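Work through the exercises below with the sequence and the model open. Each task is followed by its solution.

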Amino acid sequence: MDSQVETEAKPDIEDPEKKKKKEEKAKAKELKKLKALQKAEAAKLQAQQASSNASKKSERKIKRDAEEENAEDYIDPETPFGEKKRLSRQMAKQYSPSAVENSWYAWWEKSGFFVADSSSSKPPFVIVLPPPNVTGALHIGHALTSAIQDTIIRWRRMSGYNALWVPGMDHAGIATQVVVEKKLMRERKLTRHDIGRENFVSEVWNWKNEHGGTILKQQRRMGASLDWSRECFTMDERRSWAVTEAFVRLYKEGLIYRDLRLVNWDCVLRTAISDIEVDYEDIKVRTLLKVPGYEKPVEFGVLTSFAYPIEGGEEIVVATTRVETMLGDTAIAVHPDDERYTRFHGKFAIHPFNGRKLPIICDAILVDKNFGTGAVKITPAHDPNDFEVGKRHNLEFINIFTDDGKINSNGGPEFAGMPRFKAREAVVAALHKKGLYKDAKDNEMRLGLCSRTKDVVEPLIKPQWYVSCSGIAKEALDAVMDDENRKIEIIPKQYAADWKRWLENIRDWCVSRQLWWGHRIPAWYVTLEDDKMKELGAYTDHWVVARNEEEAQIEASRMFRGKNFQISQDPDVLDTWFSSGLFPLTVLGWPDDTQDLKAFYPTSVLETGHDILFFWVARMVMLGIKLGGDVPFRKVYLHPMIRDAHGRKMSKSLGNVIDPLEVINGISLEGLHKRLEEGNLDPSELVVAREGQVKDFPNGIAECGADALRFALVTYTAQSDRINLDIQRVVGYRQWCNKLWNAIRFAMSKLGDDYTPPMEIVPDVMPFTCQWILSVLNKAISKTVSSMDSYEFADAASTVYSWWQFQLCDVFIEVVKPFFSSNDPKFASARRFAQDTLWVCLDNGLRLLHPFMPFVTEELWQRLPPARDCARKESIVISDYPSVVQCWTNERVEYEMDLMESTVKSLRSLRSLMPAKERHERRPAYVLCRTDAIAEIINSYELEILTLATLSSLKVLNEGDDAPIGCAVSVVNESLSVYLKLQGALNAEAEREKLRKKMEEIRKQQEHLTQIMSASGYQEKVPARIHEENVAKLSSLMQELLSFEQASQHLERDIAAEQESH
């Protein structure tokens, strides 16, 4: 349809085209004249080259001497903190990250460039920074988050949005408490229990105020354009009040309740921990592991079998990997259909250490009669599966552990007070003594370890506060999965399946933590004067939830009217994920109806790692919908996890942890070793880690700067779920910054001190190369914006990089050099056009690149002269992002330049095959054009080809001309072949082999395409457009093959002529 419309439209535009003909002819004539002048000038320059060497050397010496005398001109003067950076009079010859990235950030921040205005009429674009732990220092994962989010926010700010990026910090309950506890022990040999809760919390606040927040300062070093005026902390006064309000509201709606359930218990921290804080280690065979608090390693991966005596004299054999838990067994389960145990149904086993009667129960859900003995010991208080069995069969729940992991009185006097893993050995010995021990064998298992303490996680039954999730999870699920009313888009979309799986199988969320640092749970226990049991929590109906103690007193008086009572607040604190789940609301002022909340909620996008999609993202969505009335963000972008260059997880013990600041500032190998030694690795781990560093960073890490690190990290986001980070790529982008630096240096030297940029650009009157670079700049702008819009950041970065590197620097800057090589007035017009185009390209190119590389682009942009009669923005940060200029697009010139570039590439390829000493010599070349149209294009781009391919001359041949003798040949396409004159004899065999391989490759493509087009049902199944493309491609391949055959014939003729001459 499209091609028909275009064809039918052609007659309508013929007349105006005819009117333009004369004008175009005159323009073409003018351009031809200009080309001739340029060509003559290039030849003149070439002729002068040999004779001018001596004078050039002399000039260089004078210049060098002058530079040495004025060395200070190349050094930036010192800039007072917060003032606009003072730049050196002359640009330094080399890019230096530390020099360039100095001073800009303080000025940006002081100038208020990052501050969003809640009363602005601009459309809002909001990101909330995932709050890093207050204990944390910047790691490479944070650097990735920072690079991506700052790229997004800077782009949106420049694109006319009221862009807000909110910084904050998480109080990190467990992590912070551990840090301060270790500090207390190290400095004063005290535990938190020694100084009491109030004093300990005071110690934590002191530590936070003195040391916390390092990571936010480091974000500035990354160039993160956060709105620091809105910085917050999850335990500051406003956020703490909001957390209390959320708990109270959810409780009043029946969504928070208290219950006795199993939790992941850490015996070192003496608290419940969340699933995300549990690391799992796969144990294949018997394995000895170090466990905190035990001098000797503990054995895991062993299945121990023992017998329980049955009433009446028989026995039943069970097996377990945690034999110490048998002290809390309250039943033995068998399958109802297992005939081996039918006679035991309804009977009891007798506990060998306390005489407790254990019912033999039938449970088809838990028991697999074909696994092991088919009989399973049941410990409802210490195993998740057994817990469910206990509820199904109304069994007794007996807890046998103290909070610090010792056997309590329920375990019996023989074992009470023993640490759990010592009790394991004691139980085995006692079973041996009673003749009940059967055997022990290797058993594959997964062992849960606390990510903080490396303690073995113990399932423990505890009364805790829970959030009922089923209803709010359904709303969160629909927000992503409901096609008709989707409120949130997850990118990459494959993670929507994880979202669905997790939320469809969600369990209620335990929000209690037995810590001292955190938001105290706003619940008070009421102890009545006439209560028989006085322990806190003894009666489940004696709890009141309130905003403060005064409100709790009033509520208790209402509940227990006329009775005497005392109230005491729950000592537990809330799970850190509860306050961070409220973060998008609380940073904007909720529960107050603030101006920020009205202007900026819901936020625009959440960017984070896919590993916390459920633990944080889902909870934000559930709480946001429930308490904020809407989803907290419209998009979720999940970045990959970072690994080392070999695909390994980063680990201190491997020595492959990469500190972003060490990449930015550079560090020696000795410095890397020193960092390891300051850690807490044991000697054997230290040896392995040092060896890893020597292998990966033999010369340390070069100073790369924040810009290069950011750019490298963003380009890696194309990888799916993991990034294998190679520091050499970062080093490569640091070298590329030098390329940008030199491009601006070249431009500044060619623009001159008195240059004033134009008000507007009219490409039609410019040389072809100027038209071309503007056209491809247009394409780069369009592709970058569309890629950013679709969250394809690697594509956007790659587009910007390719335009700068391969089009501006490699082609345009090279081909305009002849315009500046002479002061001949005949070149004045071309020179001026080249200057204007260069300025436009640099101005647009730097703004295009700025979101990715903020520091170097600001510094270089500030050096560009401002446009005439136009008030330039104070900083590139607040300047406009480039947009497409329709009149710059010129498909014809792009096609012609592509043809020219292909010709140059083929000639360069032929040159690269020459002996090293001959590669840099200028030599004649010939281009065989098989159509007049192609010949005309090559003729018009003769100067560009001469310049880029480093030729002494170029001759265009037509189909009927004899091919030149003594040349290497390359086929560019079906219409074009190039010949490069050789100095010595032709390497006949090498040339034959090269042509043979090319022809074989084309024949294979031709056969493959013919096979596809001959397949059964091809005509019916393939769309007409695809069929047309295939026909055109087949025709092109056939023509290309003919060109190669012709080149082969020319080669044989050359070889024959050479042999005759000898």
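**Exercise 1.** Which residues of the largest nonpolar core touch the most other members?

Solution. This is a predicted model, in which local features need pLDDT of at least 70, side-chain atom pairs count only at pLDDT 80 or more, and totals for chains, interfaces and linings use all residues. Residues are numbered from 1 along each chain as its sequence is written, and side-chain values use heavy atoms, without hydrogens and water.

Step 1. A nonpolar core is a set of buried (under 20% relative accessible area, 1.4 Å probe, protein chains only) Ala, Val, Leu, Ile, Met, Phe, Trp, Tyr and Cys residues joined through side-chain atoms within 4.5 Å.

Step 2. In the largest one, of 157 residues, L725, W804 and F852 touch the most other members.

Step 3. Apart from it lies another core, of 67 residues, including I256 and L477.

**Exercise 2.** Locate H171 and state whether H171 is buried or exposed.

Solution. Step 1. H171 lies in the loop between β3 (168-169) and α6 (173-188); helices (H or I, at least four residues) and strands (E, at least two) are DSSP runs, numbered from the N terminus.

Step 2. Its relative accessibility is 0%, so H171 counts as buried.

Step 3. Beyond four places in sequence, H171 has contacts (heavy atoms within 4.5 Å) with residues including F233, W517 and H519.

**Exercise 3.** Where does pLDDT stay under 50 with zero contacts beyond four places in sequence?

Solution. Step 1. pLDDT is the predictor's confidence in each residue, from 0 to 100; its mean for the protein is 88.

Step 2. The stretch is residues 1-20.

Step 3. Where pLDDT is low, predicted coordinates should not be read in detail.

Definitions and conventions
Buried means under 20% relative accessible area, exposed over 50%, partly exposed in between (1.4 Å probe, protein chains only).
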